[in-house]
Amino acid sequence: MTGIDEGPAGWPAPGRGWREITPGVWRRRLPGWDETVGAVAGRDGLLLVDAGPSLAAGAELREQLAGGSRPPVRWLAVTHPHFDHLLGAGAFPEAELLAAAGAEPPWPAGAPAAVADGVALGLDRAEAARSGAALPAPHRLVTDALTLDLGRGRRATLTNLGPAHSGHDLVVKVTDPAGPPVVFCGDVVEESGEPQAGPDAAPARWPAALDRLLALGGERARYVPGHGAVVDAAFVRSQRAALARRFEVPDEPHRDAGT
Ligand SMILES: [Zn+2]
């Protein structure tokens, strides 16, 4: 299995539940709410994309990722501040925490909205409170795009797609000379069910955000939804069309694409 289970520096894959997408780029669908977390090997550290639904879940991810000879998680990119993607972040206090910039901070101290949502959706109340209390503020906010040089020709570009599934959705595109791009989409794309639109969603702007996502990833990319199996550009296009119909958005897909 050489080349399948090893990262660019010969690191083993993170272990149980993790699946390789391209060499050195992994994902795991977590039990419970089936949200996806991603891990990308860099020369001196790992980039984690989303942190799971609780401090306990984050601690389990941390333990898995610390196995073998892998370096520590150096960056943590949170795609959006919903509890199932955010509340594990306190388990990575030394990582640089990156999130999308918006009109408001991505989450206030303690993230009360995420904590309340987690409890409403079945997260243990004490665990939710503990997770919120441990949550750091973001260290860096991405207004437009930010590229991390991971070494060995691998880059991760974090892009603020603007309002869509949440107030401001962040996506992470990994490029590597050895394989096709991988785009971690957060919940702007969902495969295992219909995309969820809560009170902080911006349905009228969601199709245009998917146009920007497709322009970013291109035809060859593997698109990793926030929930469900890895998909291709054709799937994202069909989800865009379905969302435009569902929310009755006038079909002007290219008007603000690329801005
Ligand atoms: Zn979400």
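Donors are taken here as N, O and S atoms within 2.8 Å of the metal (3.2 Å for Na, K and Ca), and because water is not among the atoms, sites may look incomplete. Four donors count as tetrahedral if all angles lie between 85 and 135 degrees, four count as square planar and six as octahedral if opposite donors are over 155 degrees apart and all others between 65 and 115, and anything else is irregular. The structure is a predicted model, in which local features need pLDDT of at least 70 and side-chain atom pairs count only at pLDDT 80 or more, whereas totals for chains, interfaces and linings use all residues. Residues are numbered from 1 along each chain as its sequence is written, and side-chain values use heavy atoms, with hydrogens and water left out.

By these criteria, the zinc ion has as its protein donors H80 (NE2), H82 (ND1), H165 (NE2) and D187 (OD), which lie 2.2 to 2.3 Å from the ion. The angles among the 4 donor atoms run from 87 to 175 degrees, and the site is accordingly classed as irregular. Along the chain, the donors of the zinc ion are spaced as H-x1-H-x82-H-x21-D. Distant parts of the chain are linked by the pair H165 and D187, which are 22 residues apart: H165 belongs to the loop between β9 (154-162) and β10 (169-176), and D187 to the loop between β11 (179-184) and α5 (206-217). Helices (H or I, at least four residues) and strands (E, at least two) are DSSP runs, numbered from the N terminus. H165 and D187 are both buried, where buried means under 20% relative accessible area, exposed over 50%, and partly exposed in between (1.4 Å probe, protein chains only).

Grid points are joined across faces, edges and corners, and a volume is the space filled by probe spheres set on the points. The structure holds 1 cavity of 30 Å³ or more, and the volume of the largest cavity is about 60 Å³. Its lining includes T36, V37, G38, D50, F184 and C185, and strand β3 (residues 36-41) provides the largest share, 3 residues. This lining comprises 6 nonpolar, 5 polar and 1 charged residues, with Ala, Val, Leu, Ile, Met, Phe, Trp, Tyr, Cys and Pro counted as nonpolar, Asp, Glu, Lys and Arg as charged, and the others, Gly among them, as polar.

The largest pocket has a volume of about 870 Å³, and of the 40 residues that line this pocket, P81, H82, D117, S166 and D200 are the closest to its centre. At least two residues of the lining are supplied by each of α2 (83-86), β6 (96-100) and α3 (112-120), with α3 giving the most, 4 residues. By class, the lining of the largest pocket has 20 nonpolar, 13 polar and 7 charged residues.

A search of the whole structure finds 10 salt bridges, each defined as a side-chain nitrogen of Lys or Arg within 4 Å of a carboxyl oxygen of Asp or Glu. In one of them, the side chains of R140 and E96 meet at 2.7 Å, N to O. Because R140 lies in strand β7 (residues 140-142) and E96 in strand β6, this pair ties together parts that are 44 residues apart in sequence. R140 counts as partly exposed, at 33% relative accessibility, as does E96, at 22%. A salt bridge also joins the side chains of D176 and R154 (2.6 Å, N to O); D176 lies in strand β10 and R154 in strand β9, so the pair ties together parts that are 22 residues apart in sequence. Both D176 and R154 are buried. In a further salt bridge, the side chains of E219 and R237 meet at 2.8 Å, N to O. This pair links distant parts of the chain, with E219 in the loop between α5 and β12 (222-224) and R237 in helix α6 (residues 233-246), 18 residues apart. E219 counts as exposed, at 56% relative accessibility, whereas R237, at 38%, counts as partly exposed.

Note on methods: 1 Å grid on protein atoms, 1.4 Å probe; cavity = no way out; pocket = protein on both sides within 12 Å on 5 of 7 lines; lining within 4 Å.
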